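Here is a short report on one protein model. Look at the structure first, then read on.

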Amino acid sequence: MSLYESLIRPLLFQLDAEAAHEAAAAALALAGTLPGAKALLSAAFAHRDPALERTLWGLRFPNPVGLAAGFDKDARLAGTLPALGFGFVEVGTVTWRAQPGNPAPRLMRLPEAEALLNRMGFNNAGAEAMAERLRALGAHPVPLGVNLGLNKDADADEAPALYAKTFARLSPFGDYFVVNVSSPNTAGLRALQDKLKLERILDAVAAVNGDKKPVLVKLAPDLDDAAFAALVPFVAERASGLILANTSVDPHLRHAALEAGGRRREPGFSGGGLSGAPVRARAAELVRRAKALTGGKCPIVGVGGVFDAEDAWELLSAGASLVQVYTGLVYRGPSLPGDICRGLVRRMRENVPAPLPAGAPR
Ligand SMILES: Cc1cc2nc3c(=O)[nH]c(=O)nc-3n(C[C@H](O)[C@H](O)[C@H](O)COP(=O)(O)O)c2cc1C
(Lines give C-alpha, C1' and ligand atoms only; values in the text may rest on other atoms or scores of the structure.)
Protein backbone atom coordinates (compact mmCIF):
# COMPACT_ATOMS: atom_id res chain seq x y z
CA MET A 1 0.00 0.00 0.00
CA SER A 2 1.40 3.38 -0.96
CA LEU A 3 1.89 6.32 1.38
CA TYR A 4 -1.07 7.97 -0.31
CA GLU A 5 -3.34 4.99 0.32
CA SER A 6 -2.26 4.47 3.93
CA LEU A 7 -1.97 8.09 5.08
CA ILE A 8 -3.26 10.77 2.73
CA ARG A 9 -6.33 9.05 1.31
CA PRO A 10 -7.89 8.36 4.73
CA LEU A 11 -7.53 12.07 5.52
CA LEU A 12 -8.93 13.20 2.18
CA PHE A 13 -11.78 10.70 2.43
CA GLN A 14 -12.84 12.34 5.71
CA LEU A 15 -13.79 15.34 3.61
CA ASP A 16 -16.77 15.61 1.32
CA ALA A 17 -15.68 14.33 -2.12
CA GLU A 18 -15.71 17.71 -3.86
CA ALA A 19 -13.93 19.39 -0.93
CA ALA A 20 -11.25 16.68 -1.11
CA HIS A 21 -10.84 17.36 -4.82
CA GLU A 22 -10.50 21.09 -4.13
CA ALA A 23 -7.91 20.39 -1.42
CA ALA A 24 -5.84 18.17 -3.72
CA ALA A 25 -6.13 20.73 -6.53
CA ALA A 26 -5.05 23.55 -4.19
CA ALA A 27 -2.01 21.52 -3.10
CA LEU A 28 -1.05 20.93 -6.73
CA ALA A 29 -1.64 24.57 -7.65
CA LEU A 30 0.59 25.62 -4.75
CA ALA A 31 3.27 23.18 -5.85
CA GLY A 32 3.12 24.78 -9.28
CA THR A 33 4.13 28.14 -7.82
CA LEU A 34 7.01 26.97 -5.61
CA PRO A 35 10.44 27.10 -7.20
CA GLY A 36 11.81 23.63 -7.83
CA ALA A 37 8.60 21.89 -6.74
CA LYS A 38 7.76 20.59 -10.21
CA ALA A 39 11.23 19.11 -10.58
CA LEU A 40 10.80 17.41 -7.18
CA LEU A 41 7.38 16.04 -8.12
CA SER A 42 8.75 14.79 -11.39
CA ALA A 43 11.70 13.10 -9.67
CA ALA A 44 9.34 11.49 -7.14
CA PHE A 45 6.60 10.34 -9.49
CA ALA A 46 7.33 10.44 -13.23
CA HIS A 47 8.81 7.53 -15.10
CA ARG A 48 10.51 8.11 -18.41
CA ASP A 49 11.38 5.38 -20.87
CA PRO A 50 11.78 5.79 -24.63
CA ALA A 51 9.89 2.52 -25.08
CA LEU A 52 6.72 4.28 -23.88
CA GLU A 53 6.88 7.11 -26.41
CA ARG A 54 4.47 7.32 -29.27
CA THR A 55 3.48 9.79 -31.95
CA LEU A 56 -0.12 10.41 -32.94
CA TRP A 57 -1.52 13.23 -35.09
CA GLY A 58 2.04 14.51 -35.37
CA LEU A 59 2.19 14.98 -31.58
CA ARG A 60 4.84 13.27 -29.47
CA PHE A 61 3.49 11.59 -26.34
CA PRO A 62 6.26 10.68 -23.85
CA ASN A 63 3.98 7.91 -22.58
CA PRO A 64 0.42 6.77 -23.30
CA VAL A 65 -1.06 7.58 -19.85
CA GLY A 66 -3.06 10.80 -19.79
CA LEU A 67 -5.31 12.70 -17.41
CA ALA A 68 -8.99 12.43 -18.38
CA ALA A 69 -11.30 15.41 -18.73
CA GLY A 70 -13.09 16.75 -15.67
CA PHE A 71 -10.21 16.79 -13.19
CA ASP A 72 -8.82 20.14 -14.36
CA LYS A 73 -11.94 21.76 -15.74
CA ASP A 74 -10.50 25.27 -15.92
CA ALA A 75 -6.88 24.45 -16.80
CA ARG A 76 -5.65 25.73 -13.45
CA LEU A 77 -3.27 22.78 -13.02
CA ALA A 78 -2.23 22.18 -16.62
CA GLY A 79 1.28 23.45 -15.93
CA THR A 80 1.81 21.20 -12.91
CA LEU A 81 0.09 17.93 -13.82
CA PRO A 82 2.75 16.83 -16.34
CA ALA A 83 5.22 16.72 -13.40
CA LEU A 84 3.24 13.76 -11.98
CA GLY A 85 4.29 11.80 -15.06
CA PHE A 86 1.26 12.11 -17.32
CA GLY A 87 2.01 11.62 -21.01
CA PHE A 88 -0.74 14.10 -21.87
CA VAL A 89 -3.32 16.20 -20.07
CA GLU A 90 -6.89 16.96 -21.13
CA VAL A 91 -8.49 20.06 -19.62
CA GLY A 92 -12.21 20.94 -19.55
CA THR A 93 -14.95 20.34 -20.21
CA VAL A 94 -15.14 24.00 -21.13
CA THR A 95 -18.32 25.65 -22.38
CA TRP A 96 -18.61 28.91 -24.30
CA ARG A 97 -20.10 30.78 -21.35
CA ALA A 98 -19.09 30.28 -17.71
CA GLN A 99 -21.64 28.34 -15.68
CA PRO A 100 -21.85 27.14 -12.07
CA GLY A 101 -22.84 23.52 -12.72
CA ASN A 102 -25.38 21.60 -10.68
CA PRO A 103 -26.01 22.28 -7.00
CA ALA A 104 -23.98 20.28 -4.46
CA PRO A 105 -23.76 17.52 -3.47
CA ARG A 106 -22.71 16.55 -6.97
CA LEU A 107 -19.77 14.19 -6.41
CA MET A 108 -19.88 11.06 -4.31
CA ARG A 109 -17.44 8.27 -3.55
CA LEU A 110 -18.43 4.62 -3.49
CA PRO A 111 -15.24 3.30 -1.85
CA GLU A 112 -16.29 -0.35 -1.61
CA ALA A 113 -16.78 -0.37 -5.37
CA GLU A 114 -13.75 1.88 -6.04
CA ALA A 115 -16.08 4.15 -7.95
CA LEU A 116 -17.33 7.72 -8.13
CA LEU A 117 -20.76 9.06 -8.98
CA ASN A 118 -20.81 12.58 -10.33
CA ARG A 119 -23.38 15.01 -11.63
CA MET A 120 -21.14 18.06 -11.78
CA GLY A 121 -22.90 19.54 -14.81
CA PHE A 122 -19.98 21.28 -16.57
CA ASN A 123 -19.09 23.73 -13.81
CA ASN A 124 -16.47 25.89 -15.51
CA ALA A 125 -15.27 29.45 -15.98
CA GLY A 126 -15.97 29.56 -19.73
CA ALA A 127 -13.91 29.72 -22.92
CA GLU A 128 -12.53 33.23 -22.43
CA ALA A 129 -11.09 32.48 -18.99
CA MET A 130 -9.56 29.24 -20.25
CA ALA A 131 -8.04 31.01 -23.25
CA GLU A 132 -6.37 33.53 -20.94
CA ARG A 133 -5.06 30.80 -18.66
CA LEU A 134 -3.71 28.70 -21.52
CA ARG A 135 -2.13 31.73 -23.14
CA ALA A 136 -0.27 32.42 -19.88
CA LEU A 137 0.81 28.78 -19.69
CA GLY A 138 2.99 29.02 -22.78
CA ALA A 139 4.70 25.90 -24.12
CA HIS A 140 3.35 22.47 -23.13
CA PRO A 141 5.74 19.85 -21.77
CA VAL A 142 3.27 17.15 -22.91
CA PRO A 143 0.38 17.35 -25.39
CA LEU A 144 -2.57 19.33 -24.06
CA GLY A 145 -6.12 18.38 -25.02
CA VAL A 146 -9.12 20.67 -24.62
CA ASN A 147 -12.50 19.04 -24.06
CA LEU A 148 -15.42 21.08 -25.43
CA GLY A 149 -19.01 20.95 -24.19
CA LEU A 150 -22.28 22.79 -24.43
CA ASN A 151 -23.86 25.26 -22.01
CA LYS A 152 -26.81 23.94 -20.06
CA ASP A 153 -29.08 26.72 -21.37
CA ALA A 154 -28.11 26.28 -25.04
CA ASP A 155 -30.69 25.17 -27.59
CA ALA A 156 -29.92 21.99 -29.50
CA ASP A 157 -29.95 24.08 -32.75
CA GLU A 158 -27.20 26.26 -31.37
CA ALA A 159 -24.87 23.32 -30.75
CA PRO A 160 -22.83 23.47 -34.00
CA ALA A 161 -22.24 27.22 -33.68
CA LEU A 162 -21.37 27.04 -29.98
CA TYR A 163 -18.93 24.13 -30.31
CA ALA A 164 -17.32 25.94 -33.27
CA LYS A 165 -17.07 29.24 -31.37
CA THR A 166 -15.55 27.57 -28.31
CA PHE A 167 -13.12 25.65 -30.50
CA ALA A 168 -12.13 28.75 -32.48
CA ARG A 169 -11.38 30.71 -29.29
CA LEU A 170 -9.24 27.95 -27.83
CA SER A 171 -7.69 26.36 -30.91
CA PRO A 172 -4.41 28.33 -30.72
CA PHE A 173 -3.79 26.96 -27.23
CA GLY A 174 -4.56 23.24 -27.42
CA ASP A 175 -2.75 20.42 -29.19
CA TYR A 176 -5.89 18.34 -29.70
CA PHE A 177 -9.59 18.95 -29.08
CA VAL A 178 -12.48 16.78 -28.00
CA VAL A 179 -16.11 17.20 -28.95
CA ASN A 180 -17.82 15.91 -25.84
CA VAL A 181 -21.34 14.73 -26.62
CA SER A 182 -21.46 12.16 -23.86
CA SER A 183 -21.61 13.71 -20.41
CA PRO A 184 -24.81 12.52 -18.75
CA ASN A 185 -25.25 15.65 -16.64
CA THR A 186 -26.35 18.16 -19.28
CA ALA A 187 -29.89 17.46 -20.45
CA GLY A 188 -30.00 16.63 -24.15
CA LEU A 189 -26.22 16.42 -24.65
CA ARG A 190 -26.18 12.69 -25.34
CA ALA A 191 -28.86 13.18 -27.99
CA LEU A 192 -26.08 14.79 -30.05
CA GLN A 193 -24.65 11.27 -30.49
CA ASP A 194 -26.72 11.11 -33.62
CA LYS A 195 -25.12 10.99 -37.06
CA LEU A 196 -26.84 14.04 -38.45
CA LYS A 197 -26.43 16.19 -35.34
CA LEU A 198 -22.83 15.17 -34.87
CA GLU A 199 -22.05 15.78 -38.52
CA ARG A 200 -23.33 19.36 -38.22
CA ILE A 201 -21.13 19.93 -35.17
CA LEU A 202 -18.04 18.40 -36.76
CA ASP A 203 -18.63 20.35 -40.00
CA ALA A 204 -18.99 23.60 -38.06
CA VAL A 205 -15.75 22.91 -36.15
CA ALA A 206 -13.93 21.86 -39.35
CA ALA A 207 -14.95 25.13 -41.00
CA VAL A 208 -12.94 27.10 -38.41
CA ASN A 209 -10.11 24.58 -38.07
CA GLY A 210 -7.59 26.34 -40.27
CA ASP A 211 -4.65 24.88 -38.35
CA LYS A 212 -6.08 21.40 -38.79
CA LYS A 213 -5.86 20.58 -35.09
CA PRO A 214 -6.87 16.98 -34.32
CA VAL A 215 -10.53 16.84 -33.26
CA LEU A 216 -11.68 13.72 -31.40
CA VAL A 217 -15.16 12.69 -30.31
CA LYS A 218 -15.90 11.33 -26.82
CA LEU A 219 -18.77 8.86 -26.66
CA ALA A 220 -20.86 7.41 -23.86
CA PRO A 221 -20.53 3.81 -22.69
CA ASP A 222 -24.30 3.41 -22.71
CA LEU A 223 -25.13 3.40 -26.44
CA ASP A 224 -26.86 0.22 -27.51
CA ASP A 225 -24.91 -2.13 -29.76
CA ALA A 226 -26.65 -1.06 -32.97
CA ALA A 227 -26.20 2.66 -32.28
CA PHE A 228 -22.53 2.13 -31.39
CA ALA A 229 -21.91 0.06 -34.53
CA ALA A 230 -23.53 2.74 -36.68
CA LEU A 231 -21.85 5.69 -35.02
CA VAL A 232 -18.26 4.54 -34.62
CA PRO A 233 -17.34 4.11 -38.32
CA PHE A 234 -19.13 7.38 -39.06
CA VAL A 235 -17.08 9.23 -36.43
CA ALA A 236 -13.89 7.50 -37.57
CA GLU A 237 -14.43 8.94 -41.07
CA ARG A 238 -14.97 12.49 -39.88
CA ALA A 239 -12.89 12.91 -36.73
CA SER A 240 -9.24 12.37 -35.82
CA GLY A 241 -10.00 9.85 -33.09
CA LEU A 242 -12.43 8.45 -30.56
CA ILE A 243 -12.43 8.65 -26.76
CA LEU A 244 -14.16 5.67 -25.16
CA ALA A 245 -15.77 6.34 -22.84
CA ASN A 246 -17.49 8.84 -20.57
CA THR A 247 -19.23 7.97 -17.28
CA SER A 248 -22.06 5.43 -17.32
CA VAL A 249 -25.73 5.78 -16.43
CA ASP A 250 -26.36 2.03 -16.70
CA PRO A 251 -28.73 1.26 -13.79
CA HIS A 252 -27.29 -2.25 -13.36
CA LEU A 253 -23.74 -0.97 -12.93
CA ARG A 254 -24.98 1.75 -10.58
CA HIS A 255 -27.04 -0.65 -8.52
CA ALA A 256 -24.12 -3.11 -8.18
CA ALA A 257 -21.76 -0.30 -7.19
CA LEU A 258 -24.18 1.02 -4.55
CA GLU A 259 -24.83 -2.48 -3.25
CA ALA A 260 -21.12 -3.15 -2.84
CA GLY A 261 -21.29 -0.57 -0.06
CA GLY A 262 -24.54 -1.94 1.32
CA ARG A 263 -26.57 1.00 -0.01
CA ARG A 264 -29.64 0.53 -2.13
CA ARG A 265 -30.19 4.16 -2.84
CA GLU A 266 -28.14 7.13 -1.84
CA PRO A 267 -30.37 9.72 -0.16
CA GLY A 268 -30.01 13.10 -1.78
CA PHE A 269 -28.05 11.85 -4.75
CA SER A 270 -30.06 10.87 -7.76
CA GLY A 271 -28.75 10.84 -11.31
CA GLY A 272 -25.10 11.31 -12.22
CA GLY A 273 -22.60 9.13 -14.07
CA LEU A 274 -20.57 6.25 -12.68
CA SER A 275 -16.80 5.93 -13.11
CA GLY A 276 -13.96 3.79 -11.81
CA ALA A 277 -13.67 0.03 -11.34
CA PRO A 278 -17.29 -0.80 -12.32
CA VAL A 279 -16.84 0.66 -15.84
CA ARG A 280 -13.47 -1.01 -16.52
CA ALA A 281 -14.73 -4.07 -18.39
CA ARG A 282 -17.19 -1.97 -20.41
CA ALA A 283 -14.45 0.44 -21.52
CA ALA A 284 -12.23 -2.43 -22.69
CA GLU A 285 -15.12 -4.02 -24.56
CA LEU A 286 -16.00 -0.75 -26.31
CA VAL A 287 -12.39 -0.22 -27.36
CA ARG A 288 -12.24 -3.78 -28.71
CA ARG A 289 -15.44 -3.29 -30.69
CA ALA A 290 -14.43 0.13 -31.99
CA LYS A 291 -11.10 -1.26 -33.17
CA ALA A 292 -12.91 -4.02 -35.07
CA LEU A 293 -15.44 -1.56 -36.52
CA THR A 294 -12.76 0.82 -37.78
CA GLY A 295 -10.19 -1.74 -38.88
CA GLY A 296 -7.69 -0.11 -36.54
CA LYS A 297 -7.57 2.99 -38.77
CA CYS A 298 -8.85 5.46 -36.20
CA PRO A 299 -6.83 6.18 -33.05
CA ILE A 300 -8.74 5.32 -29.89
CA VAL A 301 -8.20 6.75 -26.42
CA GLY A 302 -9.41 4.24 -23.82
CA VAL A 303 -10.72 5.53 -20.49
CA GLY A 304 -12.62 3.88 -17.66
CA GLY A 305 -11.43 2.21 -14.49
CA VAL A 306 -7.69 2.31 -15.13
CA PHE A 307 -6.13 1.83 -11.67
CA ASP A 308 -2.89 0.05 -12.56
CA ALA A 309 -0.63 -1.11 -15.39
CA GLU A 310 -2.67 -4.27 -15.97
CA ASP A 311 -5.79 -2.18 -16.58
CA ALA A 312 -3.88 0.10 -18.96
CA TRP A 313 -2.36 -2.90 -20.74
CA GLU A 314 -5.83 -4.37 -21.18
CA LEU A 315 -7.08 -1.22 -22.93
CA LEU A 316 -3.95 -0.93 -25.06
CA SER A 317 -4.21 -4.60 -26.01
CA ALA A 318 -7.88 -4.07 -26.89
CA GLY A 319 -6.85 -1.44 -29.42
CA ALA A 320 -6.35 1.86 -27.61
CA SER A 321 -3.38 3.98 -28.63
CA LEU A 322 -3.58 6.03 -25.44
CA VAL A 323 -5.35 5.68 -22.09
CA GLN A 324 -6.64 8.20 -19.57
CA VAL A 325 -7.33 8.12 -15.84
CA TYR A 326 -9.52 10.07 -13.45
CA THR A 327 -11.12 7.92 -10.73
CA GLY A 328 -7.93 5.85 -10.39
CA LEU A 329 -6.14 9.02 -9.33
CA VAL A 330 -8.62 9.51 -6.46
CA TYR A 331 -8.15 5.93 -5.21
CA ARG A 332 -4.46 5.38 -5.97
CA GLY A 333 -3.04 8.90 -5.70
CA PRO A 334 -0.45 10.97 -7.51
CA SER A 335 1.96 8.09 -8.10
CA LEU A 336 -0.57 6.48 -10.47
CA PRO A 337 0.73 7.66 -13.87
CA GLY A 338 4.35 6.80 -12.99
CA ASP A 339 3.34 3.44 -11.49
CA ILE A 340 1.40 2.57 -14.64
CA CYS A 341 4.35 3.57 -16.82
CA ARG A 342 6.77 1.45 -14.78
CA GLY A 343 4.38 -1.49 -14.97
CA LEU A 344 3.90 -1.08 -18.72
CA VAL A 345 7.64 -1.11 -19.30
CA ARG A 346 7.92 -4.29 -17.19
CA ARG A 347 5.07 -5.84 -19.13
CA MET A 348 6.71 -4.96 -22.44
CA ARG A 349 10.00 -6.51 -21.36
CA GLU A 350 8.15 -9.71 -20.36
CA ASN A 351 6.54 -9.73 -23.77
CA VAL A 352 9.72 -9.17 -25.77
CA PRO A 353 9.81 -8.87 -28.70
CA ALA A 354 6.20 -7.58 -28.69
CA PRO A 355 6.20 -3.78 -28.41
CA LEU A 356 3.62 -1.78 -26.51
CA PRO A 357 0.32 -2.85 -28.00
CA ALA A 358 -1.41 -0.23 -30.12
CA GLY A 359 -4.62 -0.49 -32.01
CA ALA A 360 -3.75 2.33 -34.33
CA PRO A 361 -0.74 3.48 -36.28
CA ARG A 362 1.77 5.33 -34.13
C1 LIG B 1 -15.90 14.10 -11.09
C2 LIG B 1 -15.82 13.79 -12.55
C3 LIG B 1 -15.96 14.81 -13.47
C4 LIG B 1 -15.89 14.54 -14.84
N5 LIG B 1 -16.03 15.57 -15.72
C6 LIG B 1 -15.90 15.32 -17.04
C7 LIG B 1 -15.97 16.38 -17.97
O8 LIG B 1 -16.12 17.56 -17.62
N9 LIG B 1 -15.87 16.06 -19.29
C10 LIG B 1 -15.69 14.78 -19.74
O11 LIG B 1 -15.58 14.55 -20.94
N12 LIG B 1 -15.58 13.76 -18.85
C13 LIG B 1 -15.69 14.00 -17.54
N14 LIG B 1 -15.57 12.97 -16.65
C15 LIG B 1 -15.41 11.59 -17.17
C16 LIG B 1 -13.96 11.15 -17.20
O17 LIG B 1 -13.20 11.94 -18.07
C18 LIG B 1 -13.87 9.66 -17.66
O19 LIG B 1 -14.36 9.56 -18.99
C20 LIG B 1 -14.66 8.72 -16.76
O21 LIG B 1 -14.63 9.13 -15.43
C22 LIG B 1 -14.14 7.27 -16.84
O23 LIG B 1 -12.80 7.21 -16.42
P24 LIG B 1 -12.33 6.82 -14.92
O25 LIG B 1 -13.02 5.54 -14.56
O26 LIG B 1 -10.83 6.70 -15.02
O27 LIG B 1 -12.75 7.94 -14.05
C28 LIG B 1 -15.66 13.22 -15.28
C29 LIG B 1 -15.48 12.19 -14.35
C30 LIG B 1 -15.55 12.46 -13.00
C31 LIG B 1 -15.34 11.34 -12.02
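Predicted model: local features only at pLDDT ≥ 70, side-chain atom pairs only at ≥ 80, totals over all residues.

Start with Glu 114. Its relative accessibility is 23%, so Glu 114 counts as partly exposed. The cut-offs explain the label: buried means under 20%, and exposed means over 50%. Glu 114 sits in the loop between E5 and E6.

Now check its backbone. Glu 114 has a phi near 45 degrees, which is positive although the residue is not glycine. Most residues other than glycine have a negative phi.

## The open sheet

What is the strand order of the open sheet? The order is E5-E6-E11, and the 3 strands pair in the antiparallel sense. E5 (107–110) and E11 (273–276) are the edge strands; each has a single partner strand, so one side of each lacks a neighbour in the sheet. On average, neighbouring strands here are turned by 25 degrees against each other, direction ignored.

Look at the pairings one by one. E5 and E6 are antiparallel and share 4 bridges. Leu 110 has Ala 115 of E6 as its bridge partner. E6 (residues 115–118) is also joined to E11 by 4 bridges, again antiparallel. On that side, Ala 115 stands opposite Gly 276 of E11, and Leu 117 has Leu 274 of E11 as its bridge partner.

Side chains in a regular strand alternate between the two faces of the sheet. E6 can be read this way: Ala 115 and Leu 117 point one way, while Leu 116 and Asn 118 point the other way. Are these residues buried or exposed? All of them are buried.

## The closed barrel

The model also has a closed barrel. It has 8 strands in the order E3-E4-E7-E8-E9-E10-E12-E13, and their pairing is parallel. Neighbouring strands of this sheet are turned by 25 degrees against each other on average, direction ignored. Take one pair as an example. E12 (residues 300–303) runs parallel to E13 (residues 322–325), and 3 bridges join them. Within this pair, Val 303 stands opposite Gln 324 of E13.

H4 (residues 126–137) touches E4 (88–94) and E7 (144–148), and its direction makes about 155 degrees with that of E4. H6 (residues 195–207) lies across E8 (176–180) and E9 (215–219), and runs at about 155 degrees to E9.

## Two helix pairs

Next, see how helices meet each other. The axes of H9 (residues 280–294) and H10 (residues 309–318) come within 8 Å and cross at roughly 20 degrees. Angles under 35 degrees count as roughly parallel, so H9 and H10 are roughly parallel to each other. Their crossing is right-handed. From H9, the contact uses Arg 280, Ala 283, Ala 284, Val 287, Arg 288 and Lys 291; from H10, it uses Asp 311, Glu 314, Leu 315 and Ala 318. By class, this contact has 5 nonpolar, no polar and 5 charged residues.

The second pair is H5 (residues 159–170) and H6. They pack at about 35 degrees, with axes 8 Å apart. The crossing of H5 and H6 is also right-handed. Which residues of H5 and H6 meet? Ala 159, Pro 160, Tyr 163, Ala 164 and Phe 167 of H5 face Arg 200, Ile 201, Ala 204 and Val 205 of H6. This contact divides into 8 nonpolar, no polar and 1 charged.

## Backbone details and a buried histidine

Most peptide bonds are trans. Here are two cis bonds to find. One joins Gly 92 and Thr 93, with omega about 15 degrees; Thr 93 is in strand E4. Another runs from Ala 104 to Pro 105, with omega near 0 degrees. Pro 105 is in the loop between E4 and E5.

Phe 122 also has a positive phi, near 55 degrees. Phe 122 lies in the loop between E6 and H4. With a relative accessibility of 4%, Phe 122 counts as buried.

Finish with His 21, in helix H2 (residues 17–33). Its relative accessible area is 16%, so His 21 is buried. Leaving aside neighbours within four places in sequence, His 21 is in contact with Phe 71 and Tyr 326.

Definitions and conventions
Residues numbered from 1 in each chain as written. Heavy atoms only, no water. Pairing = 2+ DSSP bridges. Axes fitted to C-alpha atoms, helices over the stretch in contact; angles between N-to-C directions. Contact = heavy atoms within 4.5 Å. Parallel < 35°, antiparallel > 145°, perpendicular 65-115°, else oblique. Left-handed = near helix turned anticlockwise from the far one by under 90°. Nonpolar A, V, L, I, M, F, W, Y, C, P; charged D, E, K, R; others polar. Buried < 20%, exposed > 50% of the residue type's maximum accessible area, 1.4 Å probe, protein only.
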